[in-house]
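Here is a walk through a two-chain model, one region at a time. Keep the structure open alongside as you read.

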Amino acid sequence: MSVYNTKGRIFNIQRFSIHDGPGIRTIVFFKGCYMRCAWCCNPESQEYDIQIMIENGNDKIVGRDVTVGELMPELLSDMTYYRRSGGGITLSGGEILAQPDFARDLLCACKENGLHTAVESTGNAPFENVEKILPYLDLYLMDIKHMNSAKHKEYTCAPNERILENAKKIAQSDVELIIRTPVVPGFNNTEEEIRAIAQFAASLKGVKEHHLLPYHRLGQDKYAGLDRNYALKNIEPPSQEEMETLLKVAQESGLYCQIGG
Amino acid sequence: MENIKFVLEKSARIDKLIDDLYAKMPEIESARALLITESYKQTENMPTIKRRSAAFAHILRNMPIVIRDKELIVGSFTVGARGCQVFPEFSYEWLVSEFETIGTRSADPYYISEQTKAELREALPYWKGKTNSDLAKANMEPDAYEAFATHNIYTPGNYFYNGVGHVNVNYKKVLEKGYHGIISEAQAALNKLEITDADYINRSNFLCAVIESCKAAIEFAHRYAELARETAEKESCPVRKAELERIAENCMHVPEFPASNFYEACQSFWFIQLLIQIESNGHSVSPGRFDQYMYPFYKKDLDAGKITPEQAQELIDCIWIKLNDINKVRDWASAEGFAGYGMFQNLIVGGQNQYGLDATNDLSYMCIEASMHVPLPQPSLSIRVWNGSPDSLMIKAAALTRTGTGIPAYYNDEIIIPAIMSRGVSLEDARDYSIIGCVEPQKGGKTDGWHDAAFFNMCRPLELVFSNGVDKGVQIGPKTGDVTQMLTFDEFYNAYKKQQSHFIKLMVNAINAVDLAHGERCPLPFESCMLDDCIGRGKSAQEGGAIYNFSGPQGFGIANNTDALLAVKQLVFEEESVSMAEMRDALKANFGYGLTGAAAERVTTEIATELAKEGIEINDKVIRAIYDEVATAKSIPAEKKERYREIKRLIEETCPKYGNDIYEADMFARDVANSYTKEVEKYKNPRGGVYQAGLYPVSANVPLGAQTGATPDGRLAYTPVADGIGPASGRDVKGPTATANSVAKLEQGVASNGTLLNQKFHPSALAGMSGLTKFVALIRSYFDQKGMHMQFNVVSRETLLDAQKNPEKYKTLVVRVAGYSALFTSLSRSLQDDIINRTEQGF
């Protein structure tokens with residue numbers, strides 16, 4: 001069966017994305033996630049089911065089923081921009097590894113059309129799912145949020161052992177791996193924690209970059225739209241100074257570090 | 001770390017000059033108007049061309065001159081900074097009628113003293129019946145006049161009331177030969193004539209006028225030399241004294257003789273630029289490829305160790321300031337259309353040379369640097385882009401874009417060169433193009449492009465389809481039939497094209513009427529001596545002396561018409577969910593919404609005037625009742641109102657919109673655009689040239705939108721029409737790449753008088769080197785798809801809203817309006833709103 005017939009569930013396509021991998025990119029957001037991060041800015045991505053979300057007072061259907069073949073024309077329409085900027089396609093979510101066959105076939109179709117491919121993923125899935133996508137992948141943007149498994153579980157509803165294990169395995173492959181850490185006040189914004197993550201990242205073979213992504217509140221309204229409670233209501237985004245301090249700490253690892261994607 | 005080339009220090013002088021420039025509101029001065037009137041009274045029996053040069057010489061000998069504190073480049077248009085002169089030979093009655101309101105109007109106010117008013121009141125009546133505008137009107141078919149004066153289908157108003165400008169003269173020739181050299185050239189041409197030649201009289205009159213004009217220009221510079229010397233003698237500061245002595249030397253030598261160094265070339269350049277604008281008040285007098293013709297002078301001095309890059313930069317910065325020291329007063333309606341004290345002096349850097357090789361040089365970068373040092377609206381800096389443009393130039397330009405002044409604009413060699421070649425320009429000349437005014441390409445030094453011939457509001461013919469050609473009770477368009485009886489969409493679409501073609505014909509008549517008037521009443525011998533081949537042909541550019549001649553009227557409203565036609569197609573003809581009668585009534589009723597603000601007041605006045613004509617007594621009570629109805633639409637029954645609003649919702653929510661990379665919608669937009677451009681290119685002008693359409697409204701989309709009823713794209717009555725060739729405000733929802741892909745589907749090469757795409761970015765999109773490189777990639781990608789022009793506003797919405805609230809804090813906030821940048825606070829409120837409402841492309 002052709003990869004173009006594989007069906008999956010997505011909830012958004014965002015063109016002209018300039019912070020999720022190199023160059024100008026189009027992001028495909030997968031629906032459904034294994035984790036429930038308290039700060040998640042795309043809460044509508046978490047449930048696999050198609051949902052209704054209230055946006056600016058109107059009902060909006062979140063989620064649709066598409067085949068790879070149906071997606072490709074839109075993904076190819078910014079070809080000139082990818083070529084000029086060294087950009088391409090990024091699959092994000094949700095957790096793309098929750099739909100491994102769809103992710104694999106979509107990436108395969110992108111490669112067939114000469115596109116640079118990236119995924120944003122926590123890697124929290126059986127490694128056999130990760131292995132499916134690696135042959136068609138140029139860049140893995142992987143989240144490492146916390147080194148302490150209990151704390152990780154408290155804020156994301158998942159322990160971190162499998163994530164760290166998979167990170168080591170991905171690092172053994174030919175795929176470029178960049179480690180990203182959302183800096184969330186009260187969770188991981190200490191120098192010790194950032195240092196620990198950076199050192200882990202530096203220990204991975206082939207990893208050259210570590211990105212610190214400051215927590216932001218842009219997704220807050222969506223929680224109300226989904227009739228859900230936003231757990232981090234009283235948290236202020238980290239200040240520029242705080243981020244600069246943590247950046248210096250991360251840089252001690254010897255990796256190239258930056259604030260933002 | 002960002003590695004941007006040619007970051008040079010700004011001299012302290014520059015900020016002082018800028019502060020002085022904006023210290024006061026600009027003022028109208030009377031000197032030129034009084035002098036030209038005096039001269040014309042003495043030359044009534046002379047041929048027009050000689051009257052023109054005699055008047056020019058009289059003005060230059062007698063107008064007050066001034067050297068401003070700390071200036072290095074001298075020559076001023078007015079005694080006060082940023083002031084303007086009056087040009088009664090083109091038109092003047094509007095000015096007299098606006099004496100009392102001009103200081104307080106919303107767009108481009110000017111101070112005018114009681115003494116100036118009195119002087120002008122005495123002098124100006126001489127011009128009654130003698131102006132260019134009077135003759136233009138007399139030349140025009142009555143229908144053609146009414147269609148613009150009463151019905152606002154199009155407006156040839158710019159050249160109807162003003163000089164033409166819109167020229168890029170041969171600066172290089174003056175820099176290399178001096179006016180002395182041009183006098184010799186004219187004299188040689190004169191010597192070759194036989195007095196028995198059939199055209200001897202016209203030719204010799206013209207050549208004598210050229211010689212007199214050039215001599216006057218030289219004398220004018222000598223007056224400055226004298227003033228500089230006198231000022232130097234009184235000057236106590238030794239540094240300034242030396243500067244003034246150098247200025248005196250410069251002005252004795254240029255523009256009379258070839259410039260012998262970079263400083264002289266700068267001074268000579270400025271005299272050319274200033275003098276053209278004293279001869280005529282046409283705007284868009286564009287310096288063109290400044291980096292090309294100035295470079296040899298810079299290189300020679302640099303190699304000889306006579307100048308440092310910093311010294312050269314200071315001189316360029318000084319020129320930038322002088323370009324902002326010149327101003328033009330327009331009637332209030334035109335001021336709305338060209339809002340922001342626009343002078344549109346377009347200066348372009350980079351691109352290919354005549355041999356097809358990249359021409360970028362150090363000055364290309366230093367011009368960009370100058371626009372960073374002098375963050376003001378002038379010059380309209382432009383960048384030519386092609387596959388061979390160095391990335392470092394693009395990054396430098398992007399860094400300037402990021403400052404938020406809307407400068408520079410980017411132009412694509414790869415489409416402009418073939419586009420103007422298709423109009424008969426040679427390959428070598430086409431490669432050497434520059435941009436005039438907003439976006440209009442031409443080969444400088446050889447072209448009389450008439451680039452701003454008219455604006456044509458494409459939404460109006462569509463409105464007339466619904467009224468069977470009737471506007472304000474008059475049958476002005478063809479009878480295309482009862483719209484409710486049309487059986488197919490093609491019938492409807494053809495009716496639109498038929499209405500449009502009819503008014504394009506009338507517009508061509510109106511434009512040609514104005515064109516002939518300029519040739520007959522206001523030929524420009526001084527400007528013409530710097531345009532090939534006027535001296536050779538022995539006639540002014542206005543009479544057809546230039547090698548390339550065009551007339552360029554711009555169409556606008558493509559986005560609204562595309563969305564409107566698609567909505568009619570889908571709702572009325574395909575789904576049959578809205579009947580044509582309902583659509584017509586909904587438009588008439590403004591979709592059940594009342595009017596607000598100025599539109600409500602104007603419509604109230606119109607209705608009251610109509611009623612008065614019918615003999616109904618108009619008193620306060622009647623006015624209040626009319627206004628009440630206009631503002632609330634309360635007489636429309638509730639269920640109808642609901643239905644009309646429902647129709648608007650259907651249009652907005654279910655119909656495809658141009659600008660979202662939807663192939664069918666975009667290809668339809670292409671056809672709509674071609675319905676205008678391919679009709680316009682059929683016609684010829686009186687100077688022996690052809691018509692070529694442009695697609696952009698400058699800022700006329702706001703005032704002309706205010707004359708346009710509701711349209712079937714859901715646009716409410718009297719609100720702005722879409723700007724440029726971009727999508728209608730807020731209707732593009734898929735980001736800048738999708739928008740650019742859509743716009744690139746238009747056949748832009750046919751719009752060889754220029755197209756314009758505004759994009760608005762949030763500053764964060766250009767952050768860091770990575771932001772700049774992605775921004776450059778975006779421009780290059782649009783250009784890969786043969787887009788012609790792109791320009792950007794990079795100011796956050798919050799900043800603009802704050803500037804509306806606290807204008808005093810934002811006196812020099814410059815934004816991109818249309819093909820130019822202007823001071824935000826000098827724009828009318830409705831234009832400010834229009835800019836704020838353009839879709840902001842974030843990510």
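In which sense do strand S12 (residues 553–556) of chain B and S14(B) pair, and over how many bridges? They pair in the parallel sense, over two bridges.

## Ground rules

This is a predicted model: local features need pLDDT of at least 70, side-chain atom pairs count only at pLDDT 80 or more, and totals for chains, interfaces and linings use all residues. Residues are numbered from 1 along each chain as its sequence is written, while chains are lettered from A and ligands numbered from 1 in the order in which they are written.

Helices (H or I, at least four residues) and strands (E, at least two) are DSSP runs, numbered from the N terminus. Two strands pair if DSSP finds at least two bridges between them.

## Chain B as a whole

Chain B has 33 helices and 19 strands. Its radius of gyration is 27 Å, close to the 28 Å that the globule rule gives for 843 residues, so chain B is as compact as a globular protein of that length. (The radius is taken over C-alpha atoms, and the rule is 2.2 Å times the number of residues to the power 0.38.) Along the principal axes, the C-alpha atoms of chain B fill a box of roughly 85 × 70 × 50 Å.

Of the 843 residues in chain B, 59% are buried. Here, buried takes 20 or more other C-beta atoms within 10 Å of the residue's own, exposed takes 12 or fewer, and partly exposed is in between, with C-beta atoms placed from the backbone. Among contacts in chain B with a separation of 6 or more, 79% are between residues 24 or more positions apart; a contact needs C-beta atoms, placed from the backbone, within 7 Å.

## Strands in chain B

Back to S14(B): four strands form an open sheet in the order S1-S8-S12-S14 (chain B), with mixed pairing. Strand S1 (154–155) and strand S14 (694–695) of chain B are the edges, each pairing on one side only. Gln554(B) has Gly694(B) as its bridge partner in S14(B).

Then there's strand S11 (residues 548–551) of chain B, where Tyr548(B) and Phe550(B) point one way, Asn549(B) and Ser551(B) the other, and all are buried. S11(B) pairs in the parallel sense with strand S7 (residues 447–448) of chain B over two bridges, and Asp448(B) stands opposite Asn549(B). S11(B) also pairs in the parallel sense with strand S13 (residues 690–691) of chain B, over two bridges; there, Phe550(B) stands opposite Val690(B).

## Helix H6 of chain A

Helix H6 (residues 161–172) of chain A has 12 residues and reaches 17 Å from its first C-alpha to its last, close to the 16 Å expected at 1.5 Å a residue (1.5 Å times one less than the number of residues). Ile163(A), Asn166(A), Ala167(A) and Ile170(A) are buried. Seen down the axis of H6(A), the buried residues fall within an arc of 110°, so they line one face of the helix; the arc is that of the directions from the helix axis to the C-beta atoms.

What covers those buried residues includes helix H4 (127–133), strand S8 (139–143) and strand S9 (176–183) of chain A. On the other side of H6(A), Glu161(A), Glu165(A), Lys168(A) and Gln172(A) are exposed.

Two cis peptide bonds are worth a look. One runs from Gly93(A) to Gly94(A), with omega near 5°, and Gly94(A) lies in the loop between strand S6 (88–92) and helix H3 (100–112) of chain A. The other runs from Asp532(B) to Asp533(B), with omega near 5°, and Asp533(B) is in the loop between helix H22 (525–528) and helix H23 (534–537) of chain B.

Now for positive phi. Cys157(A), not a glycine, has a phi of about 70°; Cys157(A) sits in the loop between helix H5 (149–156) and H6 of chain A. With 13 other C-beta atoms within 10 Å, Cys157(A) is partly exposed. Trp450(B) has a positive phi near 40°, and with 29 C-beta neighbours inside 10 Å it counts as buried.

Methods:
Two residues are in contact if their C-beta atoms, placed from the backbone, lie within 7 Å.
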